[in-house]
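Please consult the sequence and the coordinates alongside the text.

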Amino acid sequence: MGPARRSSPTTGAAGEEAAALARRRQGMLLASPGALYLLIFFVVPLGLITVYSFATRTSTGRTSLSGWNVESYRAIGDDIIVGIIGRSAWLATLTTVLCVVVGYPFAYYIATRPRHVRAVLLVMVMIPFWTNALVRVFAIRFLLGSNGPASALSESLGFGTFRILFTPTAVTIGMVYSFLTFMVLPLYVALERMDWSLTEAARDLYASGAKAFWKVTLPLTRSGIVAGCVLVFVPSFGSYVVPDILGGAKTLLIGSYIARQFRDARNWPLGASLSVLLIVAMLVAVALNQRSGSGAEDRDRPRPRKWGRAPDEAEAAAVAS
Amino acid sequence: MTEAVAAVEIEGVTKRFGEVVAVDNVDLAIGDGEFFALLGPSGCGKTTTLRMIAGLDLPTEGSLRIFGEEVGMAPPDRRPVNTVFQAYALFPHMTVRQNIEFGLRMRRVKNPELSQRVAEATGMVRLAGMEERRPDQLSGGQQQRVALARALVNQPKVLLLDEPLGALDLKLRQEMQQELKALQREVGITFVFVTHDQEEALAMSERIGVMSEGRLLQVGTPREIYDRPASRFVADFIGRTNILEASVESASTVRLDNGALIEAETSTPAGSRVAVSLRPERVRLQPHGTTAAEGSSLDGEVRDITYLGHAVVYEVAAGPVSIEVRVEGEVGEPFAAGDEVTVAWDRGAAAVVAD
Ligand SMILES: Nc1ncnc2c1ncn2[C@@H]1O[C@H](COP(=O)(O)OP(=O)(O)OP(=O)(O)O)[C@@H](O)[C@H]1O
Ligand SMILES: [Mg+2]
């Protein structure tokens, strides 16, 4: 590498530029099918949704692509809609927190097994994920139903029958179950990369097991937690299938509400504007994750060591302080 | 070493990992303030022994005392020892200062004392001015110093070091050897130092324990280990040596398998099979037929000569055995390949080792 490969300084610089250009061109070529796909199936519908959000709903429930206005956005301020958004955000937050609480020990357990056991456990985590979501949610509905096994168990233990189906509790249980994989996988990746000699070092330096976890393991797996939270929060916020099947009238969430606007209520502009809002909110969440997540990444992963010499900035900072 | 209570006392300690016996019935006492090296080839159980002292592994059998207190099953945070790990294990998400403070904070040392001790430790390992850096912004040698400071700041009763110089290049390594030795003298803490580098062990420590396959084969000063190895393995592992098969003739003579009778002290009963270790630098080459006034000699023929700059190594065939002779500080090469020579050595140069 470096000087030895350059035949002469002048042709070298030009050659490098040409190579970089070629690399870029090659990259574009490789990316183009994917880019085309995204353009057709993501950007175009997104554009259409945005256009519809500014359209007018006629008295017959049809959408007229004229008389552009922001009426539907104004309608979002309506108490009912704000309530629905608030409830959705609350349930998504609850789901995310529960997923961390349930998923972290789970991922920890898997990551600390011997290698071959890990592979088996991971596949077991993935199996429900590969199963049709609808099937899984209906299975939960059966489980939680007043004639289901959970109720039977509760009854046999003397707690009476159990009516949680069609309540926010049922929706939360269903969402945690549906999205847990999205939490476990990034957490597993972070924990699997964990250098356990660091927790041993903490123990050696008088930290109890809990303290070592708190001060070392948790901060070093932060990027996994953040990624898992985004991956769970975003789909739970807009979730539609789970609340539709497990929730009742009292658990109308934003996802179902949007679907209703496009179908029964025939208010496309409102459905579209709510969708735009949801998408913007998610983009913000993802962007925040990118920033904090990538920052954490830098710190977690041991960068290639620069033996014998520190980066200049660091040197300067150290001298200045 | 006075008869005071030992810093570390290991008694009949065995560690098994499933079928693997990593440490096999080891007895060892390390004195207060001693610089002790555990030496042995890869996989012989050095790290496991150290980890048991630290509490990171628990012994399967046996007892372990630190300054007289039984700690065999105590967790690592309840032992007055600290470790410098093989790959340093610095916390990557903390600055140098936070790394060094860690142990003190865990023990709730409060501020005037905290910052004073950190400053002291930082100064001791010459890291002043780098407190705000992260470990990945340090060179290997600097990281090594952080690991040292992070352990020493706690003023442990025993400091455990697992190949602390293994990752450094030769020059830095030699520098750090001197530094570590000086540091140990300064702080007066017992150091237990693991290495597979025999030169490092000889140069640095007051006593060495040689391990092989989980067993502690011999414990002694560098000189004892080098000059009076207790076994063939130790003789061979420490430095270079010629191993000659022999049987004991009397308390002061053994007969080599090629028939030659040589002088060597031994307590092994007559008739026993033994080996004789002859260090290449402790034997001389003489013109053929000259016998020494004292000591022993063997006749042979020069087979090969290797020039090393500071020394010349002759390979001499004496009957079926081959003897390496190392000559230092001689101008020119008085013997050539094919010359008939006599290999001679002083009384005491030959060590009888058990099998
Ligand atoms: N956690 C473990 N599980 C199973 N076997 C182990 C474990 N730790 C160590 N061993 C085995 O115990 C033996 C001793 O290992 P140890 O790490 O103590 O060797 P070492 O002398 O430190 O070697 P090195 O110089 O390579 O570091 C080896 O055979 C090793 O494979
Ligand atoms: Mg080791």
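**Overall build of chain B**

The structure is a predicted model. Chain B contains eight helices and 20 strands. Along the principal axes, its C-alpha atoms occupy a box of roughly 75 × 45 × 40 Å. Of the 355 residues in chain B, 42% are buried. Among the contacts in chain B with a separation of 6 or more, 65% are made by residues 24 or more positions apart.

The domain assignment divides chain B into domain 1 (8–232) and domain 2 (240–353). The centres of domain 1 and domain 2 of chain B, taken over C-alpha atoms, are separated by 39 Å. Contact between the two involves six residues of domain 1 of chain B and five residues of domain 2 of chain B. The side of domain 1 of chain B that touches domain 2 of chain B comprises two nonpolar, one polar and three charged residues.

**Strands and sheets of chain B**

Strand 6 (residues 81–84) of chain B is covered on both faces. On one side lie Val81(B) and Thr83(B), on the other Asn82(B) and Val84(B), and all are buried. Strand 6 of chain B pairs in the parallel sense with strand 7 (residues 158–162) of chain B, over four bridges. Within strand 7 of chain B, Val158(B) stands opposite Val81(B).

Strand 12 (residues 253–256) and strand 13 of chain B run antiparallel and are joined by three bridges. Glu263(B), in strand 13 of chain B, stands opposite Thr253(B).

**The shell around ligand 1**

Which residues are found around ligand 1? They are Phe17(B), Val20(B), Ala22(B), Gly40(B), Ser42(B), Gly43(B), Cys44(B), Gly45(B), Lys46(B), Thr47(B), Thr48(B) and His196(B). By class, this shell has four nonpolar, seven polar and one charged residues. Strand 2 (20–30) and helix 1 (46–54) of chain B each contribute at least two residues to the shell. Helix 1 of chain B gives the largest share, three residues.

**Individual residues**

| Residue | Phi | Location |
|---|---|---|
| Tyr206(A) | about 70° | loop between helix 8 (197–204) and helix 9 (209–220) of chain A |
| Arg126(B) | about 55° | loop between helix 3 (111–124) and helix 4 (140–152) of chain B |

Arg126(B) counts as exposed, because it has 12 C-beta neighbours inside 10 Å.

Arg23(A) belongs to helix 1 (residues 9–53) of chain A. Arg23(A) is exposed, because 10 other C-beta atoms lie within 10 Å. Along the chain, Arg23(A) and Gly158(A) are 135 residues apart, and a distance of 70 Å separates their C-alpha atoms.

Key. Residues numbered from 1 in each chain as written. Chains lettered and ligands numbered in written order. Predicted model: local features only at pLDDT ≥ 70, side-chain atom pairs only at ≥ 80, totals over all residues. Near = placed C-beta within 6 Å. Nonpolar A, V, L, I, M, F, W, Y, C, P; charged D, E, K, R; others polar. Buried ≥ 20, exposed ≤ 12 C-beta atoms within 10 Å, placed from the backbone. Pairing = 2+ DSSP bridges. Domains from an automatic or database assignment. Contact = placed C-beta atoms within 7 Å.
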